[in-house]
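Student: I have a protein model open and I'd like to learn how to read it. Could you walk me through it?

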Amino acid sequence: MVNLIDNVIYILSYLILFLTSLKVLTNNLINFSSNKIKTILRVATKTNTAAFIVGIITTMICQSSNAITVITLALISSKYISFKKGLVIIIGSNVGTTCTSFLISLNIYHLVPLFLILGFTLFNSNKNKNIGCLLLSLGFLFFSLELLINKLESFLSIEYIYPLINSINNSSFFSFLCGIFLSSCIQSSSAAIGIFQGLYQKDILSLAACISFVLGANIGTTLTGVISSFTCSNETKKVAIINLLFNLFGSILFLLILIPYSNTIYILSNILKLNKKGVIALSHLLYNLLCSFFFFVLFNNWLKKETVE
């Protein structure tokens, strides 16, 4: 029992450090480019394709689809951008957020000391505090994730905890629900998926279980946009709810074809020679790309009907 309590305390501590590092990294990236991002979102959205690409690029820059979603919803509410363009930007941000999963999949843990030492040095200088803070947060991000995964591995090997792993591996729906729950609780699909990338690398979870989790995490992260839209205009609420429903239907569809989809990801990852974390990142990217493709097909037809009405 004492061992269980110790493990839980350490896991929560490392999780807090990981989430804080990700938050600081995101905030620094947003501070570097906040005004530019808002200008790009307002100006470079003349076509649906441009809006989609802008959604991808701005999310890759600030490493947070939630941040881009909230900014976009605010711009829709204030009439800076149209309902249609805002929705396309948010769909693009769903693709852009997969960049974080690929960042986590990089084998750069050995560079953590360099990030921390260089970051600390720059942070204590007069001119490069922001860059120093950026490097420190990046170093602590990889450091805390490694500690968290190692401690989770120990925790999940406890005799009366291990059945939970069997439940996740044996039930794609249960893993799917875990993805929704964890992503909505920590308000970050990237962080939630990063944890499962580590567990898959340690051979604790199966590929199908991790992909199911990714599908659920894509739903959980949309709740931030829905909550932030409560005090905004009806158009803003409509965009947030459509994004939620679209991710919900897309995830359920992919859950129904989980086995062939998992096999496809496995084959592609072997061709691309990805590591195990990269396999999960690929599943995250391919899901969002395919959903975006279907969105453009369905969205245009829906828009025409709305215009006629």
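Tutor: Let's start with confidence. The mean pLDDT of the protein chain is 83, and 90% of its residues reach 70 or more; pLDDT is the predictor's confidence in each residue, from 0 to 100. This is a predicted model, where local features need pLDDT of at least 70, side-chain atom pairs count only at pLDDT 80 or more, and totals for chains, interfaces and linings use all residues. Residues are numbered from 1 along each chain as its sequence is written, and side-chain values use heavy atoms, with hydrogens and water left out.

Student: Which elements have the lowest and the highest mean pLDDT?

Tutor: First the general idea: where pLDDT is low, the predicted coordinates should not be read in detail. Among the elements of the chain here, helix α12 (residues 223-228) has the lowest mean pLDDT, 75, while α14 has the highest, 94. By the way, helices (H or I, at least four residues) and strands (E, at least two) are DSSP runs, numbered from the N terminus.

Student: Let's take α14, then. What should the 15 residues of helix α14 span?

Tutor: The expected span of a helix is 1.5 Å times one less than its number of residues. For α14 (residues 258-272) that gives 21 Å, and its end C-alpha atoms are 21 Å apart, which agrees.

Student: And which residues of α14 are buried?

Tutor: Buried means under 20% relative accessible area, exposed over 50%, and partly exposed in between (1.4 Å probe, protein chains only). In α14, the buried ones are Leu258, Tyr261, Ser262, Ile265 and Ser269. They cover an arc of only 100° around the axis, which puts them on the same side of α14; the arc is that of the directions from the helix axis to the C-beta atoms. The general idea is that an α-helix has 3.6 residues a turn, so residues three or four places apart point the same way. On the other side of α14, Ile259 and Ile271 are exposed.

Student: What follows α14?

Tutor: Lys273, with a positive phi near 55°. Lys273 sits in the loop between α14 and α15 (276-308), and its relative accessibility is 74%, so it counts as exposed.

Student: How many residues of α10 are buried?

Tutor: 12 of its 13, so to speak a mostly covered helix. Among them are Ile193, Ile195, Phe196 and Leu199. Just after α10, Asp203 takes a positive phi of about 65°. Asp203 belongs to the loop between α10 (189-201) and α11, and at 57% relative accessibility it counts as exposed.

Student: What about the nonpolar core?

Tutor: In soluble globular proteins, nonpolar side chains tend to be buried together. A nonpolar core is a set of buried Ala, Val, Leu, Ile, Met, Phe, Trp, Tyr and Cys residues joined through side-chain atoms within 4.5 Å. The largest one here has 84 residues, and those with the most contacts inside it are Ile195, Leu199 and Leu205. Helix α7 (residues 129-156) gives the most to this core, with 10 residues. Leu199 touches Ile149, Leu152, Leu156, Ile204 and Leu205, leaving out residues up to four places away in sequence; contact means heavy atoms within 4.5 Å.

Student: Is Asn218 buried or exposed?

Tutor: Asn218, in helix α11 (residues 207-220), is buried, with a relative accessible area of 4%. Its side chain makes a polar contact with the side chain of Asn288 at 3.5 Å, and reaches the backbone oxygen of Val214 at 2.7 Å. A polar contact is a pair of N or O atoms within 3.5 Å; within protein, one must be able to donate a hydrogen and the other to accept it, and residues adjacent in sequence count only if both atoms are side-chain atoms.
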